[in-house]
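Reader: Could you take me through one part of this model up close? I'd like to see how a single element sits among its surroundings, with the cut-offs spelled out.

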Amino acid sequence: MTNYQKVLEEELRRIAGTEMRPRLLLHACCAPCSSYTLEYLAAYFNITVLFYNPNISPESEYAFRASELRRYIDEAPCGKGVALRVEPYDAAPFFELTRGLETLPEGGERCRKCYRLRLAEAARVAAAEDFDYFCTTLSISPHKDAEALNGIGGELAAEYGVPYLFSDFKKKGGYARSIVLSREYGLYRQNYCGCVYSKRAAEERQYERHS
């Protein structure tokens with residue numbers, strides 16, 4: 001299995017040896033996952049954060065997560081110079097893509113299709129607007145499959161002609177640091193990934209704990 005943290009470190013060392021700061025389009029799922037990721041990458045890239053997550057329901061949840069992400073970028077030192085692009089809410093692509101997969105457990109085929117949906121939009125935007133790399137904050141979560149994310153990222157890089165920044169942000173204490181930063185900035189840390197299916201699973205786990 002590839003150690004994507006080492007792959008990332010090698011790429012960052014190469015970038016640090018150049019005169020130009022490349023442009024990175026960073027797909028973000030929420031403020032907590034973006035906290036450490038931005039802190040880590042801001043020294044190397046000119047970053048635009050893309051908030052595109054049609055899996056999130058309801059719309060009020062989408063808007064609140066986007067507002068928390070904007071607040072973190074505005075308040076954190078690493079957010080200086082970072083641009084945020086929030087896509088309009090539209091859950092239809094997610095429900096269309098996952099039709100027939102509603103009962104699958106978290107972490108399976110439905111989630112991989114969701115990864116691809118969001119990363120494909122990031123790759124499309126990165127190609128259309130001449131970014132040097134694209135990437136996602138998703139790998140910081142211990143519940144997300146970094147191997148699958150990087151595999152999808154590599155496939156889309158070949159398809160769209162924009163390099164994917166291979167990474168596993170949970171490594172080297174990244175996830176732990178995101179928890180510290182979330183507490184420091186009072187960030188909303190949701191108890192489900194975003195979709196109605198993950199919310200249902202979270203509610204079932206909570207019910208089992210208290211039954």
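Author: The buried residues of helix 2 are A31, P32, C33, S34, S35, Y36, T37, L38, Y40 and L41, where buried means under 20% relative accessible area, exposed over 50% and partly exposed in between (1.4 Å probe, protein chains only). This is a predicted model: local features need pLDDT of at least 70, side-chain atom pairs count only at pLDDT 80 or more, and totals for chains, interfaces and linings use all residues. Residues are numbered from 1 along each chain as its sequence is written, and side-chain values use heavy atoms, leaving out hydrogens and water.

With ten of its eleven residues buried, helix 2 is largely enclosed by the rest of the structure. Helices (H or I, at least four residues) and strands (E, at least two) are DSSP runs, numbered from the N terminus. Those buried residues pack against helix 1 (4-16), strand 1 (23-27), strand 2 (46-51), helix 3 (59-75) and helix 7, contact meaning heavy atoms within 4.5 Å.

Now for the partner helix 7. The axes of helix 2 (residues 31-41) and helix 7 (residues 174-185) come within 8 Å and cross at roughly 110°; axes are lines fitted to C-alpha atoms, for helices over the stretch in contact, with angles from 0 to 180 degrees between N-to-C directions. That makes helix 2 roughly perpendicular to helix 7, a label for angles of 65 to 115 degrees (under 35 is roughly parallel, over 145 roughly antiparallel, the rest oblique). On the helix 2 side, P32, S35, Y36 and E39 meet G174, R177, S178, L181 and S182 of helix 7.
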